[in-house]
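Keep the structure open as you read.

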Amino acid sequence: MSDALSAIPAAVHRNLSDKLYEKRKNAALDLENAVKALITSGDHDKISKVINLLIKDFAKSPQANHRKGGLIGLAAVTVGLSSEAAQYLEQIVPPVIRAFFDQDSRVRYYACEALYNIAKVVRGEFIFFFNDIFDALCKLSADSDANVQSAAHLLDRLVKDIVTESDQFSIEEFIPLLKERMNVLNPYVRQFLVGWITVLDSVPDIDMLGFLPDFLDGLFNMLSDSSHEIRQQADSALSEFLQEIKNSPSVDYGRMAEILVQRASSPDEFTRLTAITWINEFVKLGGDQLVRYYADILGAILPCISDKEEKIRVVARETNEELRSIHVEPSDGFDVGAILSVARRQLSSDHEATRIEALNWISTLLNKHRTEVLCFLNDIFDTLLKALSDSSDDVVLLVLEVHAGVAKDPQYFRQLIVFLVHNFRADNSLLERRGALIVRRLCVLLDAERVYRELSTILEGEDNLDFASTMVQALNLILLTSPELAKLRDLLKGSLVSREGKELFVALYASWCHSPMAIISLCLLAQAYQHASVVIQSLVEEDINVKFLVQLDKLIRLLETPIFTYLRLQLLEPGRYTWLLKTLYGLLMLLPQQSAAFKILRTRLKTVPTYSFSGGGQISRASSGVPFSQYIHHREDGGAEDNNINNSHQGINFAARLQQFENVQNQHRRQTRNKVNDSYNTSFSSASKEVRRSEEQQQQQQHKPPPSSTSLSVADNNRPPSRSSRKAPGQLQL
């Protein structure tokens, strides 16, 4: 140490720790000259001791002025060493870097100044300490003292210049440090990091693109920064990297795709737009390389299709179409199950556009990879069925197309119809709101006759009679009114003359028996007028209820539509179509005279010409009709019903059909009576309990023995009347 003191004059030693900057500066110049003299004499050992003295007595001193003097002194030594400084850097630089974290802001400032002067002297040799210096500068960029920040920026620019011209910089060692800092939220640090990324990316010999996945997420994170300047800098850096990706023959799309998928769901609009734009370019540039990431990418795209920002929606739709147009096979790693899983989840989206595109994907996969889709059918089938209750008609129509695509195979067709009926049974509102739309669309996609036959078969064995009746009424109304079922109606019109019509009539009849009005409508459509008349005569009092009259009202109004034009024209020949007249008059007799339907039908019947009634013979038979008891032994006859009636393969056993109708209606009547009895028993039980409770209260209040016959008579009066005491038929029971 004495050698070091002898090399440094006492005045220099004293002035280095002076509180006045000028004295410290002059002392540093004297120290620089002393070091130069030692270099000239070749006394390197003494130089090393001088450095140690500066570190021990000054840089590590508890006195701030001593630490400032030590920093200035170390910089002066480096300047004095000049070209010989490199061999002493391991002694000089570490204490300067430690001073960056000093509690005194002026010490931190002089540390920046000292390292700046050191870096100017050693240049490239400085790279050895780059990571430590970068870490220190990263912290100083957010220093609370403006002067320190300014000094750190000057040093930062010098270090960037040194790195860009150096061939010793190791990007591999630097990237982990950069990645660690990328999630810092401080705006000054973010600017510092983006600046370094941009500078390093501009160096031709440094492959920043290869390490982009390591800090890409951090750059995207900066896009939502509150500072416009930082957002702009991050966006500029990302745009530059995207351009490089377009021009690069080799890019690691996979790792970056994972990051982009996450960022596409960011709450920040600008981040979502940038992420979806990158995904769009990735799909175009590296489609084949992204096969294993298709499901994740689709999961990011579909929600963006419904984004509130129009630019995002446009790019998302373009990306979606681009992705769907890529031809890949499961053998290439294309995971059909994963794509279906994403589409299934998106069917629960709150946004209609997303649900529609999810269905389009299922439809596309069904067309391209039918076998694979059917393997995963159980995973998506329930969701597709629930989608039939969607609030959007467009979604429901697409769901039906998907169902129809699946139901092309016979085993899936029946499964679809069974599940559909199950859904209608479980959700009455679905039948009311979507029933007509669903059935009509399925009839277009899967053949109307096939659909109606299957529905009839299922409803024929339906245990829930109320549902069966409601469902049949809905199907009957669709049959009578929908343009899509015109061919089916034409087929039924020939039920008495063609084998196909007869088979369809019989197939529908089995389930149509659940609704008298549906059976009558079916007979009118099939021109089986005599059977329609007999069905009307078979109705009993309990069949004529409000629901029946509502259905009858609808039928009467339908008779005035173009669908039943042929029937109205047949009224021009009442002598030939006597059973038609009898059927219509039968319906008229069932209607309340003050109802609109009664007036409509009566007005129509008044227009029937009377000239055909001359002769009396045929009309007489028509008026009296065949006794109902004898009808069950006969088949249809008369008018259009006479054609080919003798052909046994085309004839319809109407007696058997009537028996079938009676059996089903008897089931409905028994169920109705059981409900009434259950309701009565429930009411009676409640009333009895109330009476007993009242009696107990009276006994407690009066402290008397059980009530006398008088009180019993009161209780009797409170009970519902017995069957023998009820009013006679025709009297109103209040």
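A charge sits over a ring if NZ of Lys or CZ of Arg is within 6 Å of the ring centre and within 35 degrees of the ring normal. Keep that rule in mind for the first topic. The model is predicted.

**Charges over rings**
- Arg106 lies over the face of Tyr109, and the distance to the ring centre is 4.7 Å.
- Phe413 has the charged end of Arg450 over its ring, 3.8 Å from the centre.

**Aromatic pairs**
- The count of aromatic pairs comes to 23.
- Take Tyr294 and Phe334: their ring centres are 6.1 Å apart and their planes stand at 75°, so this pair is edge-to-face.
- Tyr294 belongs to helix H16 (residues 294-304), while Phe334 is in the loop between helix H17 (310-325) and helix H18 (336-346). The pair therefore ties together parts that are 40 residues apart in sequence.
- Tyr294 is buried, because its relative accessibility is 3% and buried means under 20%.
- Phe334 is buried too, with a relative accessible area of 8%.
- Ring pairs also link a cluster: Phe130, Phe134, Phe169, Phe174, Phe192 and Trp196.

**Helix H26**
- Helix H26 covers residues 465-481, which is 17 residues.
- From first C-alpha to last, H26 reaches 24 Å, close to the 24 Å expected at 1.5 Å a residue.
- H26 is mostly covered, with 12 of its 17 residues buried.
- Among the buried residues of H26 are Leu465, Phe467, Met471, Gln473, Asn476 and Leu480.

Conventions:
Residues numbered from 1 in each chain as written. Predicted model: local features only at pLDDT ≥ 70, side-chain atom pairs only at ≥ 80, totals over all residues. Heavy atoms only, no water. Phe/Tyr/Trp six-rings, centres within 6.5 Å; stacked < 30°, edge-to-face > 60°. Helix = DSSP H or I, 4+ residues; strand = E, 2+ residues; numbered from the N terminus. Buried < 20%, exposed > 50% of the residue type's maximum accessible area, 1.4 Å probe, protein only. Expected span 1.5 Å × (residues − 1).
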